[in-house]
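Dear colleague,

My notes on it follow.

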Amino acid sequence: MEIVTFSKEQEEKVLGYLNSNRAKEILERLGIYKESNKQEQNIELIKTYILEELRGKFRGETAIDKFFTSMDFYVQNNDFKRFKGDEYIPDDFIDYKISLPTRVEKAGGLRTMGWILGPDENEYIVKEAEGLKGEISGTKNRKDGLYNPVIGSAVFKFLGEDSAEFIPACDKLPYYYMYSKNFLKPNQKMYKLDDEKFMQCKFETDENGNIKHSQIMQGIEETIRKKYGKELSEEQLNNICDKLKLQYATQETIKKLIKSIDENLGNTSIVVTENQEGKVQDINISPAYDIDLSFLIGEEMLNNDYSNRIMHRTTKEGKTDLKSLVQEFSMTVPGYKEKTDELASKFNGNYVDQILDIAYDMSGVRTFKDRTIKEKFGGFIMKQTALFKEACKDNKEKQKEF
């Protein structure tokens, strides 16, 4: 069995951590310290962590050095180490090398790396950046994978809707990552729509592998009523189901606006909030996440053969365009028409600048202040906004006819 051996100097550093309140808080959040443990037990937890989480089995002394370098940084700082003045890596990208993984169950999903504890005491799920590996790396706009999630989230926040928060990171070229802040509270549980153990329905796809929005919303309602029918009153169930439909329709509309094309069922979840007794306190659609394949990448991929190999969520008539989506949701989802009117009214004035300012504030990455990013994404956002406003206007005129 592999073991980690500390030098005398390293042992003294570990003992220093175990006598520092700040260091002990970090170690506890990492899952490698317990106040009730004996000192020797905590030291063994740290050694196991280096061996397993930092891959000491393969990296040897390098893993030990990483642990001490990162711990020293965490103890002295409350924000990530960021790149400055690198020829290839944009300023303020997180330095992946100075990040410590937590000892939690690894999250699923394509290219997911696991969970990181930030020096800011928040937890982040880390994924390899989209667009730089695999078949997507052949697209013209592949490098947008470093910026799409942040700007996409900024669009959601500009519109007052919930979204995960993202920060781009890098280890060394060409290894780029995306840090997504954990949005779940301790009393919340998240269930993806492709979780067969949670969902009380069976989704069916059409001959092209696509699924209808109406079926998804029906499946959500069916699940809520079956799972919580004995715990909640009929009035509560009705209110929650109506709310979930509106949240779902709103989120899907904004995703369509930014041309997010990753529409598999795992990219939408239900968040259940529980009270101290473990009873249901609230149920919501999760904040938007996995919006990497969007904007110009999304547009480019919709226009090539890749579009035929992914699941699309469609209207009852099998349509996927923004206008058809707005029309169907307006007729079937209570409160949706008023919600889209509210969203459309926000796209006034210098809204592109406002969105990019939100992206900068969220990530701390200076690139979102650059003119090149504004020019590249600004035109796309304005074009899509015009389509959205036109869809809302046409929908109003159509409803006047009835």
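Which residues does Asn264 touch, not counting residues up to four places away in sequence? They are Met311 and Arg313, where contact means heavy atoms within 4.5 Å.

Before the remaining findings, some conventions. This is a predicted model, in which local features need pLDDT of at least 70, side-chain atom pairs count only at pLDDT 80 or more, and totals for chains, interfaces and linings use all residues. Residues are numbered from 1 along each chain as its sequence is written, and side-chain values use heavy atoms, with hydrogens and water left out.

The loop between helix 8 and strand 9

Asn264 lies in the loop between helix 8 and strand 9 (269–274); helices (H or I, at least four residues) and strands (E, at least two) are DSSP runs, numbered from the N terminus. At 31% relative accessibility, Asn264 is partly exposed. Here buried means under 20% relative accessible area, exposed over 50%, and partly exposed in between, with a 1.4 Å probe and protein chains only. From Asn264 to Thr315 the C-alpha distance is 15 Å, for a separation of 51 residues in sequence. Lys259 is placed in the loop between helix 8 and strand 9, and its phi is positive, near 60 degrees, in a residue other than glycine.

Cavities and a pocket

The search of the whole structure returned 3 cavities of 30 Å³ or more. On a 1 Å grid over the protein atoms alone, a cavity is a set of points where a 1.4 Å probe fits but cannot get out, whereas a pocket is an open set with protein on both sides within 12 Å along at least five of seven lines; lining residues have an atom within 4 Å of a point. Grid points are joined across faces, edges and corners, and a volume is the space filled by probe spheres set on the points.

The largest cavity holds about 60 Å³ of space. Its lining consists of Glu252, Lys255, Lys256, Ser260, Ile261, Asp262, Glu263 and Arg313. Helix 8 provides the largest share of that lining, 3 residues. By class, the lining has 1 nonpolar, 1 polar and 6 charged residues; Ala, Val, Leu, Ile, Met, Phe, Trp, Tyr, Cys and Pro count as nonpolar, Asp, Glu, Lys and Arg as charged, and the others, Gly among them, as polar.

The second largest pocket contains about 520 Å³ of space. Of its 21 lining residues, Glu53, Arg55, Arg59, Lys66 and Tyr96 lie nearest its centre. Helix 5 (61–76) and strand 3 (112–117) each contribute at least two residues to the lining of this pocket. That lining comprises 9 nonpolar, 4 polar and 8 charged residues.

Nonpolar cores

A nonpolar core is a set of buried Ala, Val, Leu, Ile, Met, Phe, Trp, Tyr and Cys residues joined through side-chain atoms within 4.5 Å. The largest one has 110 residues, and Ile50, Phe67, Ile151, Tyr179, Ile224 and Ile270 have the most contacts inside it. Helix 8 (residues 234–257) gives the most to this core, with 8 residues. A second, separate core has 7 residues, including Ile136, Ile261, Leu293 and Ile297. Leaving aside neighbours within four places in sequence, Ile50 is in contact with Val4, Phe6, Arg55, Gly56, Ala63, Ile64 and Phe67.

Cysteines

The structure has 0 disulfides, a disulfide being a pair of cysteine sulfur atoms within 2.5 Å. The sulfur of Cys201 is too far from the closest cysteine sulfur for a bond, because that sulfur, in Cys241, is 12 Å away. Cys201 is partly exposed, at a relative accessible area of 21%, while Cys392 is buried, at 6%.

Backbone points

Most residues other than glycine have a negative phi, and most peptide bonds are trans. The peptide bond from Leu173 to Pro174 is cis, with omega near 0 degrees. Pro174 belongs to the loop between strand 5 (166–170) and strand 6 (176–181). Glu121, a residue other than glycine, has a positive phi near 75 degrees. Glu121 sits in the loop between strand 3 and strand 4 (123–128) and is partly exposed, at 44% relative accessibility.

Yours sincerely
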